[in-house]
Amino acid sequence: MSICYLCGYELVKTEETDEDVREKLNEKLKSEQKTLTHEEHILHNALCGQLSSEDILCEDCGSDLNDKIDKKFTKDFEFIKNLLNTRVDRAANRKGVNAKVYFKKLNASIDVIWSSKEIRPFRPIHLIDKNEEVLYYWGPLAAFDSYINRHSKEIPDNYLVKKQEKVNLTEDDQIFPHFNIENENFKQGLAKIAIGFASKSGIAREKLTNVLNLDKKEIISNPIVIPFYPLNKLDMEIELRKNKWRDYPHHFLSLFTIGNGEVKKLCCYVELFSTFQFYVILSNSYVGESIYNCYSQSILYKEHVDIELNYKEGSYYHSLLKYNGYNLTWEDFNKKDYKEKTRIVNNVREKTRYNFEYDEYLNDILTPITNSHLSSRSTDPSLASQILYLYGSRDSEQVDLRKYRVFLEENRYYVNELNEKLIIDNEKFHSELKVYNHKKFFDLLSFI
C-alpha cells in the first residue's frame, strides 16, 4: 500500500481522465482516508529531471507543493535549462535569459540577453575606452546614427567607433546570468527532492522527522541543509575534472544512513547540474536497517530510437521493466504479445536513456588520477590512502559507492565533518566555501 508522504492518505490510481468525475471520485475517497495519486517528479521536469513516482504524493498535495515550493525553486535554475541543449522546452533555448557581461578591459558591464546561440545587448548601449580613444557600440546597426544623435553630449569627437550587433566575449570577459537563490525556499526545494527520493526508496513518512511536520502536513520551513565542500585531495581532484568529463552536467542523489547503533542519522546528498551540492538531514533519530540508494542522470539531450525486440534478449527486457516499476512476473511478461512487449520496453528505454551508472562514471574519472599518482616519483601518501579507501582494496576494479560522499575515511562521516566546520570554523570555512562555489558555478557557465 502506497501512502502520500504529506497528507498520509492511501494513494489510489485511476484511468479516469474527466476532471469532474475525478474530483467527485477524490471526494468520496477522502472520506475513506484515500486519495488519487499522480506522477510526481522527484527531480523536477523543469530541471530536466527524469526520476518520478506515482507512489509518493497525491494529486492535491503535489499541486499544493508545486505552488508553495516548486515554482520558485525551479525558476532559480531556468537560465541553465534555457541555455543548455536539454530535452525540456527545447524551443526555450531560443528565448535567452537576462544576464550581465563584464568587460575587464573597460572595467564596466552591460545588460544582455543570453541564448544558446548568441549574446545580444538588452537595448542599444555604448561604452567608451578613454585610454585608447575608442567608442564601443552594441545594438542594431540601423539604429546607430539615431542613437549617436541622442547621446552626442556623452561622446567625444574623433574617437574610433567599433559597432557590433552581438556581444563577442574575450577570455578576460565574464558573463553572469541573473541568479538569486532565496535561502528558505531553496532549502525547502532541496528537502522536497530528498523526501521524494527517500519515499520512493521505501522510507515511511513517520521516519522523516527533520523535514516533515505531519501535524500540519507540510515540509518544515527551515530544514537542515549542509553545503558540500571537498575535504580531501581526492574529492578536490574529482571536482576539478568533472566539467571536462562525459555526462557533464548531471544530477546525482545518494540516500544513506550514518552511524552503527540502533539509532542513526538519515541523510540525502543532492547534486544538481554537477554544480549545486548539498546534504539534507532527513532524520537525526532514524531507527531501522542501514540504507544506501543512489540515482544519477545526465542532462544534455539524447536522441531516442525505438528498437525491434530480439527474442534471445527476453530476460534482459524483463529485468529492465522490473527495475523500472513494472510489477511483472516472467510468466506475465511472456503472456504479452510482441507488439505490447515492444511498446512497453521502448517506453522504458525512452524514459531511462539519460540514466548512467555512477560507479562506472567515477571509475573513468579516477583512472587518470590513479595512473598519474602511480607514475609519480613523489608519492602522496594521503592521496594514495584516499584512493585505496574508496576502492576498498588494491584488487578492486570498482569504487564502493556506499563510501562516496558518505565517508571521509573510516569512521569519519562527510556530513558530520562539514557541520563541525560550519559551527567551529564558520568564518574561515565560509570564505573557502564561497571560493569553491564560485569555481563550480563558473565551470558550468564556461561549459555553457
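## Reading the model

Two strands pair if DSSP finds at least two bridges between them. Helices (H or I, at least four residues) and strands (E, at least two) are themselves DSSP runs, numbered from the N terminus.

Welcome to a predicted model, where local features need pLDDT of at least 70, side-chain atom pairs count only at pLDDT 80 or more, and totals for chains, interfaces and linings use all residues. Residues are numbered from 1 along each chain as its sequence is written, and side-chain values use heavy atoms, with hydrogens and water left out.

## Confidence

The predictor's confidence in each residue is given as pLDDT, from 0 to 100. For this protein the mean pLDDT is 90, and 96% of the residues reach 70 or more. Over residues 89-93, pLDDT stays under 50. The model has 12 contacts beyond four places in sequence for that stretch, a contact being heavy atoms within 4.5 Å.

## A five-stranded sheet

Let us start with an open sheet of five strands, paired antiparallel in the order E14-E17-E16-E15-E18. Its edges are strand E14 (225-227) and strand E18 (292-298), each of which pairs on one side only. From one strand to the next, the twist averages 20°.

Next, look at helix H7 (residues 314-323) and helix H9 (residues 338-351), which pack with their axes 10 Å apart and at an angle of about 60°. Axes are lines fitted to C-alpha atoms, for helices over the stretch in contact, and angles run from 0 to 180 degrees between N-to-C directions. This angle makes H7 oblique to H9 (under 35 degrees counts as roughly parallel, over 145 as roughly antiparallel, 65 to 115 as roughly perpendicular and the rest as oblique).

From H7, the contact uses Tyr 317, Leu 320 and Leu 321; from H9, Ile 344, Val 345, Val 348 and Arg 349. These residues divide into six nonpolar, no polar and one charged (Ala, Val, Leu, Ile, Met, Phe, Trp, Tyr, Cys and Pro count as nonpolar, Asp, Glu, Lys and Arg as charged, and the others, Gly among them, as polar).

## Two loops worth a visit

In the loop between helix H6 (233-241) and strand E15 (250-258) you will find Pro 249.

Another loop, between strand E5 (97-103) and strand E6 (108-114), holds Asn 107. Asn 107 has phi near 50°, a positive value in a residue other than glycine.
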